[in-house]
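Please open the structure in your viewer and keep the selection panel at hand. The tour goes from the whole chain to single residues and pairs, with a note at each stop on what to select next.

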Amino acid sequence: FANPRVNLSGQELALARILFNRLQCAQCHDVGSRRAPNRIAPDLKLVNKRLRKEWIVEWLKDPQKLQPGTPMPAFWTDGNSPAPDILGGNSEAQIELMANYLISLGQ
């Protein structure tokens, strides 16, 4: 299975990369040939082939709810944004952007 193709605009891609870097996703996740220093999480290039977008969104909202004890932090706790300067601090929009970005990594 694969998710529908995601086409991010240049601005969306730039914002997604800023958010991805700010959240330090690559500290724990490999991204293709780029190796994470901590390497405790799945390769994000595989997201598109392994996970449905709806699940990714729910995971990003509250990883502990879906997998208690996971080392994945909750970045949008109680709907609060970790990046108030991105997309006006809109948590839902940021999560949607990150889900689309993660899917796009494996396209």
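The stops below begin with the overall fold and then turn to selected side chains and loop residues.

**Before selecting anything**

This is a predicted model, in which local features need pLDDT of at least 70 and side-chain atom pairs count only at pLDDT 80 or more, while totals for chains, interfaces and linings use all residues. Residues are numbered from 1 along each chain as its sequence is written, and side-chain values use heavy atoms, with hydrogens and water left out.

**Stop 1: the whole chain**

Show the protein as a cartoon and colour it by secondary structure, where helices (H or I, at least four residues) and strands (E, at least two) are DSSP runs numbered from the N terminus. If you draw the principal axes, the C-alpha trace spans about 35 × 30 × 25 Å along them.

Next, switch to a surface and colour it by relative accessible area, calling a residue buried under 20%, exposed over 50% and partly exposed in between (1.4 Å probe, protein chains only). Buried residues account for 38% of the 107 residues. The protein exposes about 6400 Å², of which carbon and sulfur atoms supply 51%; these areas come from the Shrake-Rupley method with a 1.4 Å probe, and for residues only the protein chains shown count as cover.

With contact meaning heavy atoms within 4.5 Å, 55% of the contacts between residues at least 6 apart in sequence join residues at least 24 apart.

**Stop 2: Ile56 and Ala99**

Select Ile56, which is placed in helix α3 (residues 53-61) and counts as buried at 3% relative accessibility. Leaving aside neighbours within four places in sequence, Ile56 is in contact with Val47, Leu51, Ala99, Leu102 and Ile103. For Leu102, a C-alpha to C-alpha distance of 8.7 Å goes with a separation from Ile56 of 46 residues in sequence.

Now move the selection to Ala99, in helix α5, where the relative accessibility is 0% and the residue counts as buried. Not counting residues up to four places away in sequence, Ala99 touches Lys53, Ile56, Val57 and Leu60. A distance label drawn from Ala99 to Leu19 will read 12 Å between C-alpha atoms, for residues that are 80 apart along the chain.

**Stop 3: salt bridges**

Centre the view on Lys61, which is partly exposed with a relative accessible area of 28%. One of its partners is Glu58, with the closest N and O atoms 3.6 Å apart; both residues lie in helix α3, three residues apart, about one turn of the helix. Glu58 is itself partly exposed, at 36%. The side chain of Lys61 also meets that of Glu92 in a salt bridge (3.6 Å, N to O). Lys61 lies in helix α3 and Glu92 in helix α5 (residues 91-105), so this pair ties together parts that are 31 residues apart in sequence.

Asp30 and Arg35 have their closest N and O atoms 3.0 Å apart, and Asp30 is buried, with a relative accessible area of 7%.

**Stop 4: the loop between α4 and α5**

Which residues here have a positive phi without being glycine? Select Asp78, in the loop between α4 (63-66) and α5, where phi is near 55 degrees; Asp78 counts as exposed at 74% relative accessibility. Leu87 is found in the loop between α4 and α5 as well, and has a positive phi of about 55 degrees, but counts as partly exposed at 36% relative accessibility.

How values were computed. A salt bridge is a side-chain nitrogen of Lys or Arg within 4 Å of a carboxyl oxygen of Asp or Glu.
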